[in-house]
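Subject: Structure for you to look through

Hello,

Here is the structure I promised to pass on. Please open it first and keep it beside you while you read the notes below.

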Amino acid sequence: MADLSCKIAGIDSLNPFWLASAPPTDKKYNVVRAFEAGWGGVVWKTLGIDPPVINVSSRYGAHHDQNRRLLGINNIELISDRPLAVNLQEIRECRAEYPDHVIIGSMMAPIEERAWKDLAQQIAESGVHGIELNLGCPHGMCERGMGSAIGQVPEMVEQVTRWVKESVDIPVFTKLTPNITNILWSAEAAYKGGADAVSLINTVNSIISVDIDQMVPEPMVDGKGTHGGYCGSAVKPIALNMVAEIARSPETKNLHISGIGGITTWKDAVEFMALGSNAVQVCTAAMIYGFRVVDDLIDGMSQWMDDKGYTSVEQFTRAAVPQVADWNELNMNFDTKAVINPDNCIECGRCHIACEDTSHQAITMTNKPEGGRLFEVVDEECVGCNLCYHICPVPDCITMEPVKTDKPPMTWPEHPLNPMRMAAE
Amino acid sequence: MTTLQAKQVSKSGAIHGGAGHNAADDGFSDLHPAYSTLQAMAESNRCLYCYDAPCVTACPTSIDIPTFIRKISTGNPDGAAKTILSANIMGGTCARACPTEVLCEQACVRNVAEDTAVEIGSLQRFAVDHLMARDLPHPFKRAPETGKNIAVIGAGPAGLSCAHRAAMLGHNVTVFEAKAKPGGLNEYGLAAYKMTNDFAQREVEFLLGIGGIRIEYGKALGKDISLAALKDSYDAVFVGVGLGSTNNLGLTGEDFPGVDDAISFIEKLRQTEPKSDMPVGNNVIVIGGGNTAIDAAVQAKRLGADEVTLVYRRGAENMSATEFEQDLAKTNGVVVRYWAKPVAIKANGKLQGMEFEKTELDASGKLVGTGETFEVRADQILKAIGQKIKTDDLAGMEIAGGKIVVDENYQTTAPGVFAGGDCIKSGEDLTVQSVEDGKQAAIAIDAFLKSA
């Protein structure tokens, strides 16, 4: 079995799987269960300055598919609603009982130097391995000038990061909100402030659904609803892009990244790490299925590493980053075509109608003399868009085959039909 | 695991509002219990929403199956029901009685890689039952009244389907039914465990909700009404009389007490409540290889017969009963004997049994007796060897091969007289085919009346 141990922001972890700061890490009871289940670390649910916040009843909304599988959750829960001293005592106990497991203290405070520094010091004294700055929650706390209200202003991100770095001597993770126009601005700010790592993404600001009987956004609190933080597998693509942008930007590439956002399977985790995450954080998958999901996260990644010949996670961390490019760097002379394997085809017709109605009319449907239907790609019409490949319900029935070409690679800036290029000449 | 067992396992676990077997099961509760909402959600999501789907082609009424299943999956079961009923107004009966395993479900693409079709019949029942339970206005509107009057003979699936579509097209319809109740074989011919809770009558009531249809009961063709008179009084006539007569074995003693047509046995059972009041023999022989034979055999067993022996003159593969039905007989304890034909009815003051001769195919492929005989004791014999048309009252129409001859527009050789259902040669002798015949005939009649 491959060695899954990793190091992020100077912290050694048994494996790259941590639970994110959220309801699952609210108290010792949960954290003990998580460590027993196999999680390498937890980011404790965000701590604030006493008095503790008060949470509302009804806190989660859900984005289901038609089979009632959860694609995403949004939540309007605030930070820890327990007294700071209780949380810190439980952190001390967990650190003593599970010395090999990582505990990061997440914190949030108003935009005042003293508040951040005092709270950071108190948390550090509890023995945490590092501190994560929650600058992301898009609901509730931002109305009090915290959470995303800070994370959306790069100058504040830098300032807060610096305050905490000045007050403690343990690694600092600045947690970034995706509810911004350009993730690099806040990542650069965190870097300038001295962050050892960034954690991203926090939840995406959202209204997840509307109760159309009562005409109220969900989750409903006595006849009203508010926007909340969206998480779960649905937000993974948003997170992957932001992680990759930070990993490949010259200004931020030295930041360690704790990848977060809809990680549900070991393969999701590999993808986050390949795009620049040194470790990952998981929340929604555990909320849906329990802490036991870590078993396959560990086993699946380990099996995959064995199959690929990787002996440490560092060997594939950031491995896909060099291949992340701007559109202008793509080869315009590359061509790929869909190929349908009739032996695997179950004749559902979905590729045909998708291509016919919404793409390039490149898949024909003909009745076979012996009965049944034959679906064939018209190469001249196929632009290699992948739509049929993705919607086909049978794995490996449709493949995308690159077309052999003698043409040299050519980008759009080099392309003879690019008016900007022609103008430049 | 047989198909039957698979279906029973997958459907018996209905705990969330499902109508699973109850403790007071008399053997005649739903063969396939109704889906719960959870089951409908799970199964509807197995549908791949095929384009130009093979299941639609396989349905004699061409129900847009992917569309109705998608509507179930999006939480629109009443819309699903309207999709079904717009193609097949008896979608509720067909959901219960269709041999889906040889129709839509056989064509399901899920069979190809997974060997398990989407349970289209159960989903169809879920949708139609959902709509019918809501007591909403009839889902279809009539076109403006045409002032034309159509006579429909027979209130079975073909006649009622024709009546509904004709009424929808704006015509006024009078249905003449020989029996005291409507529904035809839905009411009198299908196995009781396929049509629980008086469904046939509830469906007719629903169907009549469109308006413009009047049914006159106790009006038998040739006795109370005549084709010639109807032709004179109505703008068009539709004949949906089914097959009024049954085939005989041609043996001595066929009129002996205890020797009955399976059709009559089922009819009597369907009209008996509680079912336990229905008399049945201790040792029952059923002759035949079709679904009616299976229906009779299984119901005789469920009524409490000690031994039920189904005898068929050829092999299992030659039976017209579907594989599912054959399995149903076996799992209900019916002894099935193949390759034997009845040669004598044994009676000695009362019915004793039956003598059979073993059969085989000779070198030319012809079915012949081997000379070897055996006896099966019986105090009841049910014949399910097919029905035939009752020709007496069909004068004026050409009949060929035991069926009324119709053209591609369902018109008989008598101008203005149309026909459909079991009395014509269309597809299988199935409810769903009769519904299609009636619907198409109504459309043809509409065109006929407009061109007249």
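Two residues are in contact if their C-beta atoms, placed from the backbone, lie within 7 Å. This is a predicted model, in which local features need pLDDT of at least 70 and side-chain atom pairs count only at pLDDT 80 or more, while totals for chains, interfaces and linings use all residues. Residues are numbered from 1 along each chain as its sequence is written, and chains are lettered from A and ligands numbered from 1 in the order in which they are written.

Domains

Domain bounds come from an automatic or database domain assignment. For chain B this gives domain 1 (3-132), domain 2 (149-244 + 389-451) and domain 3 (246-387). Between domain 1 and domain 2 of chain B, the C-alpha centres are 27 Å apart. In chain B, 16 residues of domain 1 are in contact with 23 residues of domain 2. Helix α6 (residues 91-97) of chain B supplies the largest share of the domain 1 side of that contact, five residues. Helices (H or I, at least four residues) and strands (E, at least two) are DSSP runs, numbered from the N terminus.

Chain A is assigned domain 1 (6-323) and domain 2 (327-424). Their C-alpha centres lie 39 Å apart.

A helix pair in chain B

The axes of α5 (residues 77-87) and α9 (residues 120-132) of chain B come within 8 Å and cross at roughly 105 degrees. That makes α5(B) roughly perpendicular to α9(B). Angles under 35 degrees count as roughly parallel, over 145 as roughly antiparallel, 65 to 115 as roughly perpendicular and the rest as oblique. Axes are lines fitted to C-alpha atoms, for helices over the stretch in contact, and angles run from 0 to 180 degrees between N-to-C directions.

Nonpolar cores

A nonpolar core is a set of buried Ala, Val, Leu, Ile, Met, Phe, Trp, Tyr and Cys residues joined through C-beta atoms within 7 Å. A residue is buried if 20 or more other C-beta atoms lie within 10 Å of its own, exposed if 12 or fewer, and partly exposed in between. The largest core has 148 residues, and Val237(B), Phe238(B), Val286(B) and Ala297(B) have the most contacts inside it. Apart from that core lies another, of 100 residues, which includes Val172(A) and Ala274(A).

A sheet in chain A

Four strands of chain A form an open antiparallel sheet in the order β5-β6-β14-β11. Strands β5 (60-64) and β11 (204-206) of chain A are at the edges with a single partner strand each, so one side of each has no neighbour in the sheet. From one strand to the next, the twist averages 35 degrees. Two strands pair if DSSP finds at least two bridges between them; β5(A) and β6 (residues 70-75) of chain A are joined by five. One of the residues in these strands, Ala62(A), has Ile73(A) in β6(A) as its bridge partner.

Backbone details in chain A

The peptide bond between Asp50(A) and Pro51(A) is cis, with omega about 0 degrees. Pro51(A) sits in the loop between β4 (41-47) and β5 of chain A. Ser58(A) is in the loop between β4 and β5 of chain A. Although Ser58(A) is not a glycine, its phi is positive, about 80 degrees. Ser58(A) is partly exposed, with 13 other C-beta atoms within 10 Å.

Regards
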